[in-house]
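Subject: Predicted model for your review

Dear colleague,

Here is the predicted model for you to look over. My notes on it follow below.

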Amino acid sequence: MRSEPSGFVPHGDAEPADATDPALETLRPGQPTPGAVGRAGPGADEGLADPGEVGRRQRHELWMRRALEVAVTGPDQAGPTGPEAELAGTAASDAESAGTAASEADLVADIPVGAVVYGPDGAELAVGRNERELTGDPTAHAEVLALRRAAERLGRWRLEGCTLVVTLEPCTMCAGAIALARISTVVFGAWEPKTGAVGSLWDVLRDRRAIHRPEVYGGVLETENAAVLRAFFR
């Protein structure tokens, strides 16, 4: 089963070798994007494995648990935490609408997929949960809603430096929206063999012809995310 390896990252100057390290010579579907500089993924020398700080895998798993919470319970009305918290007032209307959606989420048959956008500093910017059935909007996928809310909150459509975390591999529509929003990193949970466009059926985000290719980390907490989806379809 494809998944991002887990484990404690020891203090030191580098993370242990794993499937996301650029030292690996080959890439499998869903592995980090070969970027403009021709590497497979971020290395310890790029400041992503700071001694004493939460490692990349731990950070991704922590963020994925938040996305999974959104998928299961819907967006809550609590404001974001971290250095960006002072912007919460500008997102009051978003929080109110998100809370309304959450209260009705259990009354509709939307597939439980959750997405969260994090800023460059790791602060939560926006969340989204599938709302196609709730709103009657065919484009109301979790990723699209989270991207819209993050852009509105920041006051710009370019989300450079931001990370999108989603519980299910994005479809072609969402992958296209991610690229257009200039998201820098994508972290997803369960693989989607029927409609997945980030390594399963297609690889939209890693297509070398694309003008923007975010880094991609797939299979994060895959088992937990897949279990929620299986339970929904029973």
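**Sheet, helices and one buried alanine**

Ala 115 stands opposite Gly 128 in strand E2. Helices (H or I, at least four residues) and strands (E, at least two) are DSSP runs, numbered from the N terminus. Strand E1 (residues 114–118) and E2 run antiparallel and are joined by 5 bridges.

On the basis of the numbers: this is a predicted model, in which local features need pLDDT of at least 70 and side-chain atom pairs count only at pLDDT 80 or more, while totals for chains, interfaces and linings use all residues. Residues are numbered from 1 along each chain as its sequence is written, and side-chain values use heavy atoms, with hydrogens and water left out.

The overall layout is as follows. The protein has 6 helices and 5 strands, and from the N terminus on its elements run α-α-β-β-α-α-β-α-β-β-α. Of its 234 residues, 50% count as buried (under 20% relative accessible area; exposed is over 50%, partly exposed in between; 1.4 Å probe, protein chains only). Among contacts (heavy atoms within 4.5 Å) with a separation of 6 or more, 65% come from residues 24 or more positions apart.

Next, the sheet. The 5 strands form an open sheet in the order E2-E1-E3-E4-E5, with mixed pairing; two strands pair if DSSP finds at least two bridges between them. E2 and strand E5 (215–217) stand at the edges with a single partner strand each, so one side of each has no neighbour in the sheet. From one strand to the next the twist averages 15°. E3 and E4 pair in the parallel sense over 5 bridges, and Val 166 has Phe 188 in E4 as its bridge partner. Of the 6 residues of E4, 6 are buried, so this strand is largely enclosed by the rest of the structure.

Which residues does Ala 126 touch? Ala 126 lies in E2 (residues 124–129) and, at 7% relative accessibility, counts as buried. Leaving out residues up to four places away in sequence, Ala 126 touches Ala 115, Val 116, Val 117, Ala 146, Arg 149 and Ala 150. Its C-alpha atom is separated by 8.4 Å from that of Ala 115, 11 residues apart along the chain. Helix H4 lies across E1, E2 and E3, running at about 150° to E2 (axes are lines fitted to C-alpha atoms, for helices over the stretch in contact, and angles run from 0 to 180 degrees between N-to-C directions).

Helix H5 (residues 172–180) has Cys 174, Ala 175, Ile 178 and Ala 179 buried. These residues cover an arc of only 140° around the axis, which puts them on the same side of H5; the arc is that of the directions from the helix axis to the C-beta atoms. Their cover includes H4 (142–154), E3 (163–168) and E4 (185–190). After H5 comes Arg 182, with a positive phi near 60°.

Last, a helix pair. Helix H1 (residues 56–73) and helix H6 (residues 222–233) pack at an angle of about 5°, their axes 11 Å apart. The two are therefore roughly parallel (under 35 degrees; over 145 is roughly antiparallel, 65 to 115 roughly perpendicular and the rest oblique). Met 64, Arg 65, Leu 68 and Val 72 in H1 meet Glu 224, Asn 225 and Val 228 in H6.

Regards
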